[in-house]
Amino acid sequence: MPLLSVLTLLSLGILIYLGNWQYGRYSEKLDSDPIEETLFKLVQVAPATDNSGMAQQVYGIIDGEAVWRRYVPGRINNQGDVVLMLWDATSGTEPVPMPVSEATDAELTANVFVRKASKQGFGGTNQPEQNIWYQFDGAAMLTNLGYDPQSAPQVVEPDTVTIRLASDLTRSRQTENPYATPVVRDPLPPERHFGYALTWWGLALALIGVYLAFHHSRGRLRFKR
């Protein structure tokens with residue numbers, strides 16, 4: 001078999017496999033259960049408005065969109081150890097600074113747990129001096145705010161998050177918070193996987209078309225009229 005045909009068949013198999021894999025992820029997410037309601041409880045958090053620092057911004061993906069999740073320090077029921085509360089998120093590639101003092105008391109349905117420091121190295125490098133974090137590190141974030149945590153702090157993750165438009169903070173929307181569990185759920189919506197599947201399958205069809213057109217131009221393939 002000619003080398004071109006071998007490479008074409010190999011590439012075709014890879015493209016079809018990728019399309020089928022993405023369609024499988026699409027089907028899995030459609031069948032997946034929503035976040036368990038039993039994980040959440042009504043929580044009252046008093047932000048540390050006397051803190052002169054800035055909200056700690058953590059990069060993430062929500063509904064397929066790049067966002068910066070803004071965390072502020074506070075105390076549950078205004079007592080106990082300092083926790084990190086997700087205040088809101090801003091859309092876009094550039095974070096929007098926010099003084100901790102701008103946060104207000106909040107009563108919200110949330111999950112409270114200890115999130116271990118992320119060791120993933122696929123994002124950017126944490127920039128504490130800019131209050132920017134690509135890998136979540138609660139202890140380092142509190143240290144950056146002037147506290148002296150002895151271990152990873154608890155985080156307060158609401159069941160829904162407000163996402164504000166970076167260019168106009170008065171415009172916002174609310175959506176399910178994919179970071180509301182210790183194990184972060186895949187933030188890509190099912191429809192995105194379906195779109196990827198169509199892309200891979202489309203490329204496979206295009207490859208077949210190019211292959212047939214090439215052989216037709218060389219006289220190796222003739223179509224009857």
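V155 counts as buried because its relative accessibility is 0% (buried means under 20% relative accessible area, exposed over 50% and partly exposed in between, with a 1.4 Å probe and protein chains only). Heads-up: this is a predicted model, where local features need pLDDT of at least 70 and side-chain atom pairs count only at pLDDT 80 or more, while totals for chains, interfaces and linings use all residues. Residues are numbered from 1 along each chain as its sequence is written, and side-chain values use heavy atoms, with hydrogens and water left out.

**Overall layout**

- You're looking at three helices and nine strands (DSSP runs numbered from the N terminus: H or I of at least four residues for helices, E of at least two for strands).
- Reading from the N terminus, the elements go α-β-β-β-β-β-β-α-β-β-β-α.
- The protein has 225 residues, and 35% of them count as buried.
- Take the contacts (heavy atoms within 4.5 Å) between residues at least 6 apart in sequence: 67% of these join residues at least 24 apart.

- V155 sits in strand β7, and its C-alpha atom is 9.6 Å from that of A110, which is 45 residues away along the chain.
- Skipping residues up to four places away in sequence, V155 touches L84, N111, V112, F113, R115 and F136.
- As background, nonpolar side chains in soluble globular proteins tend to be buried together.

**Helix α3**

- Helix α3 covers residues 190-217; at 1.5 Å a residue its 28 residues should span 40 Å, and the end C-alpha atoms are 41 Å apart, which agrees (the expected span is 1.5 Å times one less than the number of residues).
- P190, H193, A197, A204 and H215 are the buried residues of α3, and they pack against α1 (3-31).

**Rings and charges**

- There are eight aromatic pairs (Phe, Tyr and six-membered Trp rings with centres within 6.5 Å; planes under 30 degrees apart are stacked, over 60 edge-to-face, the rest tilted).
- Y23 and Y26 make a tilted pair, because their ring centres are 5.6 Å apart and their planes lie at 45 degrees.
- These two are about one helical turn apart, since three residues separate their positions in helix α1.
- Y23 is partly exposed at 36% relative accessibility, whereas Y26 is buried at 18%.
- Y23 also pairs with F194, with centres 6.2 Å apart and planes at 55 degrees, so this pair is tilted too.
- That pair bridges distant parts of the chain, from Y23 in helix α1 to F194 in helix α3, 171 residues apart.
- Ring pairs join Y23, Y26, F194 and W201 into a cluster.
- R69 lies over the face of Y179, 3.7 Å from the ring centre (the rule asks for Lys NZ or Arg CZ within 6 Å of the centre and within 35 degrees of the ring normal).
- R115 places its charged end over the ring of F136, 5.5 Å from the centre.
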